[in-house]
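Here's a quick walk through a protein–DNA model. Have the structure open as you read.

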2 protein chains.
Amino acid sequence: MLDLGVLGERVQELRAERGLTLQELADRSSVSVSMLSSVERAAKAPTVTVLSRIADGLGVPLAKLVTEPAQDRVIVRRAADQDVSDHPGGWRRTILSPVVPGVNVELLRTELPPGCDAGDFPAYASGSHEYVVVQEGTLVLTVDEQRLTLTAGDSAYFAADVVHGFANPGPEPCSYYITALIMRPRGGGPTRP
Amino acid sequence: MLDLGVLGERVQELRAERGLTLQELADRSSVSVSMLSSVERAAKAPTVTVLSRIADGLGVPLAKLVTEPAQDRVIVRRAADQDVSDHPGGWRRTILSPVVPGVNVELLRTELPPGCDAGDFPAYASGSHEYVVVQEGTLVLTVDEQRLTLTAGDSAYFAADVVHGFANPGPEPCSYYITALIMRPRGGGPTRP
DNA sequence: GATGCAGTTCTCCTATAGCGAAACGGAGGG
DNA sequence: CCCTCCGTTTCGCTATAGGAGAACTGCATC
């Protein structure tokens with residue numbers, strides 16, 4: 001259940017960060033000063049439309065105002081304990097991120113031998129996205145019919161709600177890191193193939 | 001700006017997925033049938049409290065209902081364009097993640113010369129967390145008085161709401177990748193009388 | 001065609017979100 | 001001390017969110 005107090009604090013904090021007065025935020029967001037004050041003090045529950053305008057005025061996505069995360073301790077995985085999976089195509093994937101309840105982040109390292117195509121990955125749920133950074137070699141990234149060639153040091157971001165594939169067409173091995181934030185449709189489907 | 005039509009469709013879709021009737025969802029969410037119908041048809045704009053109850057009834061986080069699917073395409077940063085910052089201590093940090101509105105993820109690569117201590121980083125807001133994977137060399141990770149030695153291939157996860165530091169005590173260079181999910185600070189403000 | 005039933009929409013009515021403007025309170029400045 | 005400025009809170013008033021139940025719709029079965 002949403003805590004209006006937390007919501008109010010969050011709005012106030014974001015406004016303070018930007019050095020805005022109630023009046024200035026009111027102008028930016030087309031929400032009255034009095035309403036803003038009420039929301040910050042949790043005196044009233046704004047409608048989604050009003051809260052959306054407030055989020056716009058603050059320059060943050062609406063979701064930012066209503067999500068609250070969890071926290072944990074330090075978890076280490078030694079190189080020897082890493083979860084390495086060798087695939088039929090000859091490529092190898094290492095899942096570097098420990099499983100943390102409530103956090104849908106995965107940090108992966110993938111090694112593609114020369115000429116190897118790791119194939120296509122399905123479109124994940126809406127809202128999923130991935131960061132890629134190439135460590136060495138050449139990576140051809142395919143995102144929804146769009147092909148991109150990345151070399152060592154290049155990084156890329158894409159929304160992973162479309163089909164996407166990875167291939168190494170070059171004569172040298174390719175390795176790259178992926179940070180994936182995967183939204184899961186309810187029912188707890190399997191993790192990345 | 002939030003589109004009530006989209007919101008309504010989303011609620012209806014989620015309800016259909018679960019095979020719930022308006023009445024059943026009303027019972028689960030403590031929101032009247034008529035209000036649910038109005039929201040689905042975008043006839044009324046619910047308050048955040050009501051929408052939060054609806055989200056609970058559907059078993060999805062509130063943010064799920066208000067996040068608009070990223071319509072972004074691929075964003076690439078070439079190695080030559082990377083945002084590299086050299087620090088006084090002799091270490092170098094490369095910010096690999098393009099700035100994506102609404103996503104508070106950072107993907108970084110850091111290079112520490114032999115014997116270099118990058119110093120301490122402050123405690124971030126509660127809920128922040130980081131993944132670290134060592135590419136080469138030896139990294140001493142300090143998290144809230146706890147010291148850990150990581151070598152190539154090791155990865156670690158920790159909640160970043162405490163002071164944490166990175167150092168390379170070895171005779172060889174050390175490089176590592178960090179995926180950071182940083183939450184906005186909040187709650188530090190003074191309470192009004 | 002009538003009857004029953006499950007799901008959805010419409011019809012009031014009350015509580016409150018939301019706005020404009022006035023009132024309040026603190027930090028300088030005279 | 002008194003005034004002025006600036007930001008915040010409070011005060012009425014209006015529009016609308018929200019609840020309870022009636023009315024409608026579609027689809028079976030008799």
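Predicted model: local features only at pLDDT ≥ 70, side-chain atom pairs only at ≥ 80, totals over all residues.

## Around DNA strand C

Of the 19 residues around DNA strand C, the ones that come nearest are A:Ser32, A:Met35, A:Lys44, A:Pro46 and A:Thr47.

Now for the phosphate oxygens of DNA strand C. A:Ser32 has a polar side-chain atom 2.8 Å from one, and a polar side-chain atom of A:Arg53 sits 3.5 Å from one. With B:Leu22, a backbone N or O atom lies 3.1 Å from a phosphate oxygen. The elements giving two or more residues to this surface are helices H3 (33-40) and H4 (48-58) of chain A, plus helix H3 (33-40) of chain B. H3(B) gives the most, with 3 residues.

## Two helices crossing in chain B

In chain B, the axes of helix H2 (residues 22-29) and helix H4 (residues 48-58) come within 8 Å and cross at roughly 110 degrees, so H2(B) counts as roughly perpendicular to H4(B). From H2(B), B:Leu25, B:Arg28 and B:Ser29 meet B:Arg53, B:Ile54, B:Gly57 and B:Leu58 of H4(B). That contact has 3 nonpolar, 2 polar and 2 charged residues.

## A look at B:Thr110

B:Thr110 is in strand E4 (residues 105-112) of chain B. It counts as buried because its relative accessibility is 0%. Leaving aside residues up to four places away in sequence, B:Thr110 touches B:Trp91, B:Arg92, B:Arg93, B:Cys174, B:Ser175 and B:Tyr176. B:Asp86 is 24 residues apart from B:Thr110 along the chain, with 9.9 Å between their C-alpha atoms.

Definitions and conventions: Residues numbered from 1 in each chain as written. Chains lettered and ligands numbered in written order. Heavy atoms only, no water. Helix = DSSP H or I, 4+ residues; strand = E, 2+ residues; numbered from the N terminus. Buried < 20%, exposed > 50% of the residue type's maximum accessible area, 1.4 Å probe, protein only. Contact = heavy atoms within 4.5 Å. Axes fitted to C-alpha atoms, helices over the stretch in contact; angles between N-to-C directions. Parallel < 35°, antiparallel > 145°, perpendicular 65-115°, else oblique. Nonpolar A, V, L, I, M, F, W, Y, C, P; charged D, E, K, R; others polar. Near = heavy atom within 4 Å. Polar contact = N/O pair within 3.5 Å; in protein donor to acceptor, adjacent residues only side chain to side chain.
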